[in-house]
Amino acid sequence: MANKFYITTPIYYVNDIPHIGHSYTTIAADALARFNRRLLGENQVWFLTGTDEHGQKIQRASDEAKLTPQEFVDKVMVKFKELWVKLDISYNDFIRTTEERHIKVVQKALEILYKSGDIYEDTYEGWYCTPCETFWPETQLVDHFCPDCHRPVERISEKNFFLKLGKYQQDLIKYIEEHKNFIRPDFRRNEVLSFLRLNKLEDLCISRPKERLSWGIPLTFSPGHVTYVWFDALINYMSAVGSFDEKNNYISKWWDNETEVVHLIGKDILRHHAVYWPIMLMALQQAGVKGVKLPDTIFAHGWWLNKDEKMSKSRGNVISPLFMADKFGVETYRYFLLRDLPFGLDGNFSEEAFIKRFNSDLANDLGNLVYRTLTMVEKYFQGVVPEFSSSGERVKEIAAKLAALPKEVENSLKAESDFNFVRALENIWEKINLANKYVEETKPWNLAKENKTEELKNFIRLLVEAIRKTGAEIAPFMPRTAGTINEELGSGTIKKGKPLFPRIEDQKPKK
RNA sequence: CGCGGGGUGGAGCAGUCCGGUAGCUCGUCAGGCUCAUAACCUGAAGGUCAUGCGUUCAAAUCGCAUCCCCGCAACCA
């Protein structure tokens with residue numbers, strides 16, 4: 001089985017600053033990367049993110065900013081990197097599609113497919129909106145006007161290069177049918193399957209003439225063309241972790257059969273990842289390239305909505321990850337995104353829900369448990385965690401439940417469980433609640449009064465153990481909190497600090 | 001008749017495959033406790049399980065029909 005884990009986010013398109021959706025995918029990927037590092041070993045995991053820096057939109061945005069495209073992407077790319085530092089994203093590599101290592105792999109892949117015949121030259125015809133610089137499919141046109149700017153479109157045709165999709169359609173259907181984890185969640189898998197079964201795939205135009213789009217990777221076999229942005233972008237998953245050798249075989253430590261390859265994406269780009277990308281890989285295999293496999297799992301998650309509406313710049317309802325992290329803390333932000341919304345579904349984002357989650361889960365359950373425990377160790381044992389002296393039935397029972405936790409979390413975070421963060425966190429919080437109940441049923445304040453020192457020792461010892469165990473499990477989701485808990489309670493002598501999560505009181509004026 | 005998912009106490013969800021006490025979290029109310037961040041623990045109230053018909057001793061769960069909501073329907077990150 002796989003003993004390595006390679007996880008990716010999409011490379012983000014840098015025509016604008018990062019929003020909540022970018023941070024959602026990246027935080028989820030980070031939690032999985034951190035979790036698997038602990039499970040498989042620090043060096044057995046590779047976590048890739050990056051930026052997609054070519055294409056018309058960027059060309060246009062840079063014109064507006066009166067910068068060259070390169071200057072423009074250099075500037076915007078930094079915003080992403082800064083945000084990932086802020087959010088404690090532990091990526092191993094950050095790829096940019098303007099980097100030499102990427103360009104080389106893209107060009108080589110195109111060459112191979114051109115030689116094998118799966119990429120061929122033909123005429124592309126379509127309805128084109130010149131001001132928007134966009135081709136529109138017939139079905140989206142409003143009469144004969146651009147659906148975006150409502151100006152008339154014109155029929156143009158030009159020489160371009162195409163990838164044979166139809167050739168691999170049946171193979172892809174078969175592959176998806178045989179690999180339950182290839183597309184997750186299930187309903188997305190069904191969507192892709194029914195799309196593939198009911199439509200005949202037309203070949204994909206993968207180039208643009210240079211005069212229409214100069215900001216892209218030139219085709220080596222046709223200098224007048226650059227690659228279309230998707231062909232360019234998808235290959236990042238390979239170009240970042242490997243390269244072609246002189247025999248045109250792909251060499252990579254992270255794209256072999258010992259590695260579980262996982263692409264985390266938003267539902268909006270499922271088609272590209274679940275259809276175009278696997279077919280590109282199949283075409284490379286067909287061309288005789290060794291070392292190429294299909295990814296193990298493509299997981300499409302849902303969207304965060306604002307009052308049931310999609311967040312968008314034009315609606316002006318976008319929530320900024322920087323703002324939320326500054327206002328409520330990075331840890332809370334990470335926790336909320338992973339806990340409040342089942343991974344895969346859409347859900348609403350609101351500050352009310354955020355504060356509720358914070359107060360009940362973090363302040364009341366976790367923070368308070370840690371704090372009350374610290375106080376008791378201080379008060380009853382002068383800050384030194386006592387040793388076990390004996391253990392009763394209840395102690396064994398609780399210890400057994402704690403021992404089961406790592407496996408529960410592991411099962412919840414598997415691909416076949418849809419990387420169920422909500423369940424994993426519920427697994428952990430079950431133990432936190434158990435610890436809180438344990439305090440109530442033991443009533444240590446009575447034990448102290450009655451001088452039942454042995455019982456008190458065992459109680460405190462187990463309580464501390466419970467917090468250490470749950471604290472360790474929290475680490476992938478809230479690394480800093482786990483670190484603080486470890487500092488305060490990890491050794492024999494405690495270090496009591498401020499409460500981890502001070503409650504947020506509502507600002508209703510008091511009468 | 002394009003394909004698919006869904007409508008469960010105030011809110012968000014589980015349960016539906018394999019019919020048989022409708023469960024969880026939050027909220028509300030009451031009580032307990034004092035180690036703790038007005039926190040923690042216990043208990044209670046609150047649901048014709050979208051609607052109608054049917055199968056069955058028995059249906060949230062199976063069948064048919066109707067209403068409503070959402071996703072996908074290709075080259076647009």
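## Helix packing

Helix axes are lines fitted to C-alpha atoms over the stretch in contact, and the angle between two of them runs from 0 to 180 degrees between N-to-C directions. Two packed helices are described by the angle between their axes and the distance between the axes. In this predicted model, helix α5 covers residues 169-178 and helix α6 covers residues 186-198. The two pack at an angle of about 155°, and their axes lie 10 Å apart. Angles over 145 degrees count as roughly antiparallel, and α5 and α6 are therefore roughly antiparallel to each other.

The crossing of α5 and α6 is left-handed. On the α5 side, the contact is made by Q169, L172, I173, I176 and E177. On the α6 side, R189, V192, L193, L196 and R197 take part. Of the residues in this contact between α5 and α6, six are nonpolar, one is polar and three are charged.

## Strand pairing

Strand β11, residues 222-227, pairs with strand β9, residues 207-209. The pairing of β9 and β11 is antiparallel and runs over three bridges. Within it, R208 stands opposite V226 in β11.

Strand β10, residues 218-219, also pairs with β11 in the antiparallel sense, here over two bridges. P218 stands opposite V226 in β11. A hairpin of two residues joins β10 to β11.

Terms used
Residues are numbered from 1 along each chain as its sequence is written. Chains are lettered from A and ligands numbered from 1 in the order in which they are written. This is a predicted model: local features need pLDDT of at least 70, side-chain atom pairs count only at pLDDT 80 or more; totals for chains, interfaces and linings use all residues. Side-chain values use heavy atoms; hydrogens and water are left out. Helices (H or I, at least four residues) and strands (E, at least two) are DSSP runs, numbered from the N terminus. Angles under 35 degrees count as roughly parallel, over 145 as roughly antiparallel, 65 to 115 as roughly perpendicular and the rest as oblique. A crossing is left-handed if the near helix is turned anticlockwise from the far one by less than a right angle, and right-handed if clockwise. Contact means heavy atoms within 4.5 Å. Ala, Val, Leu, Ile, Met, Phe, Trp, Tyr, Cys and Pro count as nonpolar, Asp, Glu, Lys and Arg as charged, and the others, Gly among them, as polar. Two strands pair if DSSP finds at least two bridges between them.
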